[in-house]
Amino acid sequence: MHQLFRLVLGQKDLSRAGDLFSLDDSEIEDSLTEALEQIKIISSSSDYQTNNNDQAVVEICITRITTAIRETESIEKHAKALVGLWDSCLEHNLRPFGKDEDTPHAKIASDIMSCILQNYNRPPVMALAIPIAVKFLHRGNKDLCRNMSNYLSLAAITKADLLADHTEVIVKSILQGMVQKLSLGTCFRRHLKVFS
């Protein structure tokens, strides 16, 4: 792992986290999987939800990592670690604290979601992501559900067969109003025709 990532994540050094943006994407690309694994350890700690310093370090690092993944077009290389961190968010509370206040793990999930699911046209990435994505539909966070339904709609148009194993969960979510009926519902009806 790049020494600056090692410093920032190892010591949870918020004062140096911004320096990650001074590095070229190509300079840190080989470090991204290891950095994601370290973030997973930090965000799974028992005091993470109350530790503002650790949350800020994680948010900055995730922003830097997802930017580098997009710029280097290396999503397939780092997808397993990215999806692993995303999946770990499901082990924590995702329901908003207040009217518009996301929990720390909901913020991580949201930041990672767009990086992963914008690659809806890459079947290897979607094969890893979709089984995790559908789990977020029933976790009580309407914003996550709404955004997830938009991305799953795109995945359904591009590669409908990847959603076949998740028919029951998606239909239940549509019926319960947890996802946008006009987006995922419409695409899912097309999906059902493919398999009928």
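Which helices are included in what covers the buried residues of α7? I started my notes there.

**Ground rules.** I am working with a predicted model, where local features need pLDDT of at least 70 and side-chain atom pairs count only at pLDDT 80 or more, while totals for chains, interfaces and linings use all residues. Residues are numbered from 1 along each chain as its sequence is written, and side-chain values use heavy atoms, with hydrogens and water left out.

**Overall.** I got eleven helices and zero strands for the protein; helices are DSSP runs of H or I with at least four residues, strands are E runs of at least two, and both are numbered from the N terminus. Of the 196 residues, 45% count as buried, meaning under 20% relative accessible area with a 1.4 Å probe, protein chains only. I also looked up contacts (heavy atoms within 4.5 Å). Among those with a separation of 6 or more, 73% are between residues 24 or more positions apart.

**Helix α7.** This helix covers residues 104-117, and its end C-alpha atoms are 20 Å apart, which agrees with the 20 Å its 14 residues should span. I took the expected span as 1.5 Å times one less than the number of residues. Ten of the 14 residues are buried, so α7 is largely enclosed by the rest of the structure. The buried ones include P104, H105, I112 and L117. Back to my opening question: the cover includes α4 (32-43), α5 (52-72), α6, α8 and α9.

**A129.** Next I went to A129, which sits in helix α8 (residues 123-133). Its relative accessibility is 0%, so A129 counts as buried. Leaving aside neighbours within four places in sequence, I found A129 in contact with V83, W86, I116 and L117. I116 and L117 are also on the list of buried residues in α7.

**The aromatic pair.** W86 made me check the rings. How many aromatic pairs does a search of the whole structure find? I got one. The rings of W86 and F136 have their centres 5.1 Å apart and their planes at 25°, so the pair is stacked. The cut-offs, for rings of Phe, Tyr and Trp (its six-membered ring), are centres within 6.5 Å for a pair, and planes under 30 degrees apart for stacked, over 60 for edge-to-face and the rest tilted. W86 lies in helix α6 (residues 75-88) and F136 in the loop between α8 and α9 (142-158), so I noted a pair that links parts of the chain 50 residues apart. Are W86 and F136 buried or exposed? W86 is buried at 0% relative accessible area, and F136 counts as buried at 1%.

Note on methods
Buried < 20%, exposed > 50% of the residue type's maximum accessible area, 1.4 Å probe, protein only.
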